[in-house]
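We will begin with the whole chain and then stop at a few places inside.

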Amino acid sequence: MQHFLDVVLPIPVERKFTYRISPGEAEAIQSGMRVAVPFGKAKIYTAIAYATHTVPPAAYEAKEIHDLLDTSPLLHPLQLKHWEWIASYYMCTLGEVVRAALPGSLLLESETQILADNLDRVDHKTLSDDEFLVVEALHHQSVLQIKDVMGITGRKRILPLINGLVQKGVVQLKEALHEKYTPKIIKYLKLHPKYESEKALEGLLEDLQRAPKQTKAVLSYFGRWGLEKKPIQVAEFEKESGVSKGVLKALVARQVFEEYQLQTDRIQYAPREKDPGTIQLNELQEKALDAIVRSFNAKKIGLLHGVTSSGKTELYITLIQDALDRGKQVLYLLPEIALTTQLIGRLKKYFGNQVAVYHSRYTLNERVEVWRNVSSNNPKAQVVIGARSAIFLPFSNLGLVVVDEEHEQSFKQFDPAPRYHARDAAMVLAGMHGANCLLGSATPSIESYQNARNGKYGLAEIPRRFGEVLMPEIRLVDLKESHKKKQMQGHFSEQLVSAIRQTLARKDQIILFQNRRGFAPVLECTTCGHAVQCPNCDVSLTYHQQKRELRCHYCGYHMAMLLSCPACGNTTLDTKGFGTEQIQQELSELFPEAKVARMDLDTTRGKYGYHKLIAAFEAMETDILVGTQMVTKGLDFRNVGLVGIMNADSLLNFPDYRSHERSFQLMVQVAGRAGRTEKRGTVLIQTYNPYHRILQQVSTHDYSAFFTDQTYEREQFHYPPHVKIIKITLKDRDFNKLNAASDWFAKSLKNVLRAQVLGPEYPTISRIRNLYLKNILIKLSAGEGVYKAKKSIKRIQQSFDAIANFKSVRVVYNVDHI
């Protein structure tokens, strides 16, 4: 009887693929293991074993698997179930979820190797110059990789070259799998057992009298061993004692020392410094904790609505310790990697080496180590702090999920698929594990607060700051009046300049918020009005002064700063608008004695970019921090006396139904960075419309009025939380083909669905990376079956894919679009 295996390949294809396996393999293979399988003509992929059976595929002859990569399942059953839910709910394939979820080092793919074949019989006259270079290289090296050939020839397109060599019988091609993960090995040093007695040691030192460097090495070893009584690393010993590698090598050869190796994790933390039991909660925190525990007992998700600096983190630490006492794992989700930097420091003090961190700035090897520690329920990974990708980790004993700053749109993945929302996926994950789930924010999302008000979630509130610290004083600055009275200095009003001067005099720190990076978003010719555009996108190029270049923030295209207008040739080029770079420059001119730092995507690209900036600001090495929305997200600085919002109108006037919600959240959050200790902070918001209702609500910290207004407006115009939204984006290089395809798709949706279908319509930026875009918006009310609607949409896409003219049009689904 033949046995078959269904596998999930990490490619965007709906179906699973079937392979032939032996009876022995059928007994050994379990769901969740990795298997290497041939796919296509010669490529080998890593696939996930799904199910074994005895039914052969009807449409094709099953190939044999290439290799079994694991001896035990890499994925837990609940983990695979959770991934299937993500694929189903967010309308993507399980293969796309596998591709996003697994660290790259665990997804082995074959590399094409080029091997010599009959080199001696090659007629060099028939070879081109590039072919001759490859043949010469194969005379010296038996195997070449594709990248080697690219380096030798200096060409990017080398497949025609390799195919030509294959046809001439000069080379053969072979596919080979390579392990990408390399464990970290540390060399240690110890004294040979034969010198453990004092007599033997005396004899050794006498023998070494004519070798002063070796004597120094032995004495240094004993000095170090006497102080620390712990294994001695070779690298550290060489550095501290000044002993060379050659001396140590000679001592190992003489059997004075022995070298041995140990495998270790790349990231390790020291044991804890504080006991979570020592945390003293105030009366409001105790009440909130009681409400959260009642929610958990009622099997409800908890929502903690606490104003900025109210002590939410202390509650999280108390709940984490409770979960650890029950022998459970904890997942702590944060929207930004910047936040993990500060929070790691705080949680390390309480949980020490039980903390593990997982996010995209870690190397592939570091992520694999965290993955394996979580999978084996290792004591080193009981509290996992991570950005949105941490929901994919293989938890086997999850007891608590905390989603901090749950309102943040950074929890939503936009590209590539799966376009999941980590907050919602985390709630489902907690439900599957029977774990408690807590959402926390000073400005909860409209949906979460609505669920709490309806009784679906439990609600806990902390209305005042910890230690009775006053909320910051928020003042609105009318830019119209300031411009009229000519009181502006660059982009700074007289009030803001005065407040910065006073704050610096008090030795307090300042945060300035401008939600746009670069120097200026537009470079315009004042003679002909031409604005320099990106050739690949319908958007102007942003000027970055530091690199003297114009850059597109959508596709990455960049060019050197222009000296003259490309349209009329005049040198009358001027910038319009302002970003963080321009604010930094103006501050340096206005306050030359102040130390100014900038925190945006350009200054935090490195692995430790965030850490360096935050550490310098915490250590009072920086006076003024200028930043984009990174500075708004839950960072805790103790000495910030002033927060300035440079332009509130750009947030409020964005063409999106969530712009008012986002504006309120951003401004309240950035205001919350001020006055977090005894001194009351000040917030200045510069605006052309100080009477705007949202700004008035921000200035009075009135979340309740904001929530009432927004829910009423959304109910009137049918937007979440009263309806569910699915956004369908169609993309193609051909403008006319896209119009025809989107019209066909929208018409089919309107015929099949009872829901409200809007569009097709061009988005604000209608071309990105040379692909034209059109959006269709589907609004599904609570009474309509969301699952049925998704199935209908998928059926329409199957018909759409069958139309030959629309083959090149790409369809992208964004469920719960935000």
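**The whole chain**

Start with everything selected: among contacts (heavy atoms within 4.5 Å) between residues at least 6 apart in sequence, 75% join residues at least 24 apart. What you see is a predicted model, in which local features need pLDDT of at least 70, side-chain atom pairs count only at pLDDT 80 or more, and totals for chains, interfaces and linings use all residues. Residues are numbered from 1 along each chain as its sequence is written, and side-chain values use heavy atoms, with hydrogens and water left out.

Switch to cartoon view, where the chain shows 26 helices and 34 strands. These are DSSP runs numbered from the N terminus: helices are H or I with at least four residues, strands are E with at least two. The radius of gyration is 31 Å, close to the 28 Å that the globule rule gives for 818 residues, so the chain is as compact as a globular protein of that length. That radius is taken over C-alpha atoms, and the rule is 2.2 Å times the number of residues to the power 0.38. Along the principal axes, the C-alpha atoms fill a box of roughly 85 × 75 × 70 Å.

Of the 818 residues, 53% count as buried, meaning under 20% relative accessible area, with exposed over 50% and partly exposed in between.

**Stop one: aromatic pairs**

How many aromatic pairs does the structure hold? There are 23, a pair being rings of Phe, Tyr or Trp (its six-membered ring) with centres within 6.5 Å; planes under 30 degrees apart count as stacked, over 60 as edge-to-face and the rest as tilted.

Select Tyr-316 and Tyr-332. Their ring centres are 5.6 Å apart and their planes stand at 90°, so this pair is edge-to-face. The pair links distant parts of the chain, with Tyr-316 in helix α12 (residues 312-325) and Tyr-332 in strand β13 (residues 329-333), 16 residues apart. Both Tyr-316 and Tyr-332 are buried.

Next, pick Phe-745 and Phe-800, another edge-to-face pair, at 5.2 Å centre to centre and 70° between the planes. Here helix α25 (residues 735-752) supplies Phe-745 and helix α26 (residues 786-801) supplies Phe-800, 55 residues apart. Phe-745 and Phe-800 are both buried.

For a cluster, select Tyr-449, Phe-664, Tyr-703, Phe-706 and Phe-707, which are linked by ring pairs.

**Stop two: charges over rings**

Show Lys-790 with Tyr-89: the charged end of the lysine sits over the ring, 3.7 Å from its centre. Then show Lys-190, which lies over the face of Tyr-260 at 5.4 Å from the ring centre. Such a charge is NZ of Lys or CZ of Arg within 6 Å of the ring centre and within 35 degrees of the ring normal.

Select residues 446-453, helix α16, where seven of the eight residues are buried. Tyr-449 from the cluster is one of those buried residues. They pack against β12 (302-306), α15 (422-433), β17 (436-441), β18, α22 (659-671) and α24 (703-717). After α16 comes Gly-455, with a positive phi near 90°.

Move to α14 (residues 364-375), which is also mostly covered, with nine of its twelve residues buried. Among them are Trp-371 and Arg-367. Just after α14, look for Asn-377, which takes a positive phi of about 55°.

Which strand holds Ile-462? Select β18 (residues 458-462) to find Ile-462, which counts as buried at 1% relative accessibility. Display its neighbours: beyond four places in sequence, Ile-462 touches residues including Leu-284, Leu-304, Val-307 and Leu-315. Gly-311 lies 151 residues away along the chain, with 8.6 Å between its C-alpha atom and that of Ile-462.

Finish at Gln-509 in strand β20 (residues 509-513). Gln-509 is buried, with a relative accessible area of 2%. Its C-alpha atom is 6.0 Å from that of Ile-624, 115 residues apart in sequence. Among the residues that Gln-509 touches are Phe-617, Met-620, Asn-639 and Leu-642.

Methods: Buried < 20%, exposed > 50% of the residue type's maximum accessible area, 1.4 Å probe, protein only.
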